[in-house]
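I opened the model to look at its ligand sites. My notes follow in the order I worked.

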Amino acid sequence: MQIDKNLIEKLKASKSIVFFTGAGISAESGIPTFRGKEGIWNKLKPEELANFDAFLKNPELVWEWYNHRKKIIHQSQPNQGHIAIAEMQSALGGFPEVAVITQNIDNLHRRAGSKTVYELHGNIERNYCIKCRTFYNEELDFSKGIPKCKCGGLIRPDVVWFGEYLPENQFDASEKTAQNCDIFFIVGTSAVVYPAASLIFTAKQNKAYLVEINIEETEISNYADWSFYGEAGSILPQIINEIKKFHNNSH
Ligand code: BV8
Ligand code: ZN
């Protein structure tokens with residue numbers, strides 16, 4: 001794979017770099033994506049399970065889906081893509097700010113060591129009561145059916161379902177970061193879910209250089225200034241390697 005020297009120069013000159021990630025970055029950790037050619041939920045539309053009405057109608061089914069996914073997530077490890085992102089700041093000499101804005105709920109960026117992580121769609125490790133909003137972050141007990149709060153309300157995962165607002169502090173911070181970054185990487189996302197995908201245009205309007213990494217073309221490929229087609233877990237480490245080579249040659 002050829003990595004443009006201009007991109008390396010741009011990376012070195014950047015003050016702020018953003019990685020906007022989706023399910024594709026975790027695919028190589030064994031966590032199925034929602035859409036795309038490898039998407040395991042292709043038959044089961046996430047829009048139909050990831051919504052509040054579905055939960056009220058059939059909380060057992062919705063919890064079964066989340067517990068199944070949680071099990072897969074707990075058995076998986078961050079891959080070379082997550083790790084490369086976590087290493088990017090030090091590879092570039094520690095100077096640029098590196099932020100991760102993720103649509104994923106799997107916690108793998110933090111587990112890989114990324115420090116600044118904005119979670120637009122929540123985190124599967126947290127839960128809360130739908131009635132009084134008390135948080136239950138410990139392992140839940142399903143032995144007597146769907147776990148309930150002290151107040152009697154049903155407990156749900158702390159993730160953002162379709163038709164629900166994104167956590168304001170996470171979205172606002174992401175928007176500011178997108179407005180002020182020099183390079184905006186779009187990694188492993190189909191970029192069809194809004195308002196998350198709008199951050200791509202926010203970055204573009206503010207003159208960020210857009211770099212897409214995906215195994216296939218997406219809705220936003222035409223807007224990208226540079227595209228890498230391949231697996232994030234192989235492309236991101238190659239970018240780090242090029243940065244390191246470039247550093248060594250220029251000293
Ligand atoms: C809202 C969290 C305001 C929980 C998720 C127009 C019509 C109808 C509806 C809408 C519309 N415009 C906006 C909406 C609303 C809706 C929306 O966007 N719908 C779309 C689908 C049309 N949005 C919302 O409802 C949002 N809230 O708008 O609030 C509001 C409030 C009240 C009333 C009115 C308005 C909330 C959306 C949050 C949804 N939550 N999940 C959970 O995970 O269970 S969505 C789900 O999609 C995922 O969780 C993920 O977070 C998100 C995005 O998916 P991706 O991460 O991109 O994953 P995907 O599988 O799609 O793609 C994977 C990609 O990876 C592929 O491109 C593939 O090629 C690539 N890939 C695979 N392997 C690799 C790879 N790339 C690199 N390397 C690899 N190895
Ligand atoms: Zn409660």
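I began with the side chain of serine 190: one of its N or O atoms is 2.5 Å from an oxygen atom of ligand 1. This is a predicted model, so I read each distance as computed from predicted coordinates.

I then looked up two further polar contacts. Threonine 189 has a polar side-chain atom 2.6 Å from an oxygen atom of ligand 1. For glutamate 28, a polar side-chain atom lies 2.8 Å from a nitrogen atom of ligand 1.

Next I checked the cover. On its own ligand 1 has 1500 Å² of accessible area, and the protein covers 78% of that. Helix 2 (24-27) and helix 5 (59-75) are the elements that give two or more residues to the shell. Helix 5 gives the most, with three residues.

I listed the shell itself. There are 37 residues around ligand 1, and Arg35, Tyr66, Thr189, Ser190 and Asn214 come nearest. By type I noted 18 nonpolar, 12 polar and seven charged residues.

I moved to the zinc ion (ligand 2). Its protein donors are the SG atoms of Cys129, Cys132, Cys149 and Cys151, at 2.2 to 2.3 Å. Why is the arrangement tetrahedral? The four donor atoms subtend angles of 103 to 116 degrees, and the criterion requires all angles to lie between 85 and 135 degrees.

I wrote the donor spacing as C-x2-C-x16-C-x1-C. Cysteine 129 is in strand 4 (residues 122-129) and cysteine 151 in the loop between strand 4 and strand 5 (155-159), so this pair ties together parts 22 residues apart in sequence.

Last, I looked up accessibility. Cysteine 129 is buried at 0% relative accessible area, while cysteine 151, at 37%, counts as partly exposed.

Terms used
Residues are numbered from 1 along each chain as its sequence is written. Chains are lettered from A and ligands numbered from 1 in the order in which they are written. This is a predicted model: local features need pLDDT of at least 70, side-chain atom pairs count only at pLDDT 80 or more; totals for chains, interfaces and linings use all residues. Side-chain values use heavy atoms; hydrogens and water are left out. A residue is near a molecule or strand if one of its heavy atoms lies within 4 Å of it. A polar contact is a pair of N or O atoms within 3.5 Å; within protein, one must be able to donate a hydrogen and the other to accept it, and residues adjacent in sequence count only if both atoms are side-chain atoms. Accessible areas come from the Shrake-Rupley method with a 1.4 Å probe; for residues, only the protein chains shown count as cover. Helices (H or I, at least four residues) and strands (E, at least two) are DSSP runs, numbered from the N terminus. Ala, Val, Leu, Ile, Met, Phe, Trp, Tyr, Cys and Pro count as nonpolar, Asp, Glu, Lys and Arg as charged, and the others, Gly among them, as polar. Donors are N, O and S atoms within 2.8 Å of the metal (3.2 Å for Na, K and Ca); water is not among the atoms, so sites may look incomplete. Four donors count as tetrahedral if all angles lie between 85 and 135 degrees; four count as square planar and six as octahedral if opposite donors are over 155 degrees apart and all others between 65 and 115; anything else is irregular. Buried means under 20% relative accessible area, exposed over 50%, partly exposed in between (1.4 Å probe, protein chains only).
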